[in-house]
Amino acid sequence: MDRELFVYIDGEYYPKSQAKISVYDHGLLYGDGVFEGIRAYNGVVFKLKEHIDRLYRSAHAIMLQIPVSKEEMIKIVLETLRRNQLKDAYIRLVVTRGVGDLGLDPRKCQKPTIIVITDTIALHKGEAKEKGITAMLTWVKRDPVDATTHEIKSLNYLNSILAKIEANINGVDEAICLDKNGYICEGVAENIFIVKNGRIYTPPSYSGALPGITAEAVKELAKSLGYEVVEKNITPYELFTADEVFFTGTAAEIVPVREINKRQIGNGKPGPITRRLMEEFPKLVQDPKHGVPIYQ
């Protein structure tokens, strides 16, 4: 792409090279803010309303008053995509506490900062989708639900970054975080599913994992295809001995896992249920009834 993309910041559109915020913004200084990662496929923004709803829930949980309505936020996202002439895109929607002083008191921030970036993203593509990726259980536990829970999609991802660093050091593609009780929680930025004896399992919502919008869509897709989906606590043993394991996420979509902590998963290849879901998922995301058209 030769032309420079525009970034929305607080009512204005700036060329990417000129898109800046204050060094006094508490999103930078303290990770005080919330965000959403959203995808557009062939002119349809997949689950846009659901993403906006989750953004506002996260903001409510941290007592951050977003200064525009949900309807206006949807219009801002769509207009940013139109200005960048994008039909297929990754959208990063960020709301910070705004500019304050060097203290952490959020009352010093007079107005939240709203940022919309529309670009592309590539995580696990091509061979990773065909052969599956490798993963490991990390020493980094997910923050519990009575702390900086990942149920809130906040700007503070240090918990995930530490886990990702360990995965990088150990030469694997992804890390899997446990909760404080030792049960499987999620990947560093993805929800996780296992398959055993034809049934699909995923950790429960109270585990502290982010309630994934793609994960929820995959659950519904699996049910529509006749598979049973069960939420339950999953132990490391159950993970190692699963027939299939896969991640879901907005950026990752559906990614099979072939090995965890040097244990082969199933036959070491993406399993039949994972493959079926991967085949059907592209049809789902491009269906206008599951999203909002960019150009109407």
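Q: How many cavities of 30 Å³ or more turn up in the whole structure?
A: Two, going by a search of the whole structure. Keep in mind that this is a predicted model.

Q: What volume does the largest cavity have?
A: About 50 Å³.

Q: And which residues line the largest cavity?
A: The lining is made up of Arg39, Tyr41, Phe46, His51, Thr214, Gly249, Thr250, Phe281 and Val285. Strand S3 (33-41) and helix H8 (272-285) each give at least two residues to that lining. By class, you get four nonpolar, four polar and one charged.

Q: OK, what about the second largest cavity, what's its volume?
A: That one is about 40 Å³. Its lining includes Asp243, Glu244, Pro256, Lys269 and Thr274. Strand S13 (244-249) and strand S14 (253-260) are the elements that supply two or more residues there.

Q: How do the residues of that lining divide by class?
A: Five are nonpolar, two polar and three charged.

Q: Switching topic: which residues of H2 are buried?
A: Leu48, His51, Ile52, Arg54, Leu55, Tyr56, Ser58 and Ala59. His51 also lines the largest cavity.

Q: What do the buried residues of H2 pack against?
A: Several elements, among them S3, helix H3 (70-83), strand S5 (89-96) and helix H6 (213-224).

Q: How far apart are the end C-alpha atoms of H2?
A: They're 20 Å apart, and that agrees with the 20 Å that 14 residues should span at 1.5 Å a residue.

Q: And what follows H2?
A: Met63, which has a positive phi near 60 degrees.

Definitions and conventions. Residues are numbered from 1 along each chain as its sequence is written. This is a predicted model: local features need pLDDT of at least 70, side-chain atom pairs count only at pLDDT 80 or more; totals for chains, interfaces and linings use all residues. Side-chain values use heavy atoms; hydrogens and water are left out. On a 1 Å grid over the protein atoms alone, a cavity is a set of points where a 1.4 Å probe fits but cannot get out, and a pocket is an open set with protein on both sides within 12 Å along at least five of seven lines; lining residues have an atom within 4 Å of a point. Grid points are joined across faces, edges and corners, and a volume is the space filled by probe spheres set on the points. Helices (H or I, at least four residues) and strands (E, at least two) are DSSP runs, numbered from the N terminus. Ala, Val, Leu, Ile, Met, Phe, Trp, Tyr, Cys and Pro count as nonpolar, Asp, Glu, Lys and Arg as charged, and the others, Gly among them, as polar. The expected span of a helix is 1.5 Å times one less than its number of residues. Buried means under 20% relative accessible area, exposed over 50%, partly exposed in between (1.4 Å probe, protein chains only). Contact means heavy atoms within 4.5 Å.
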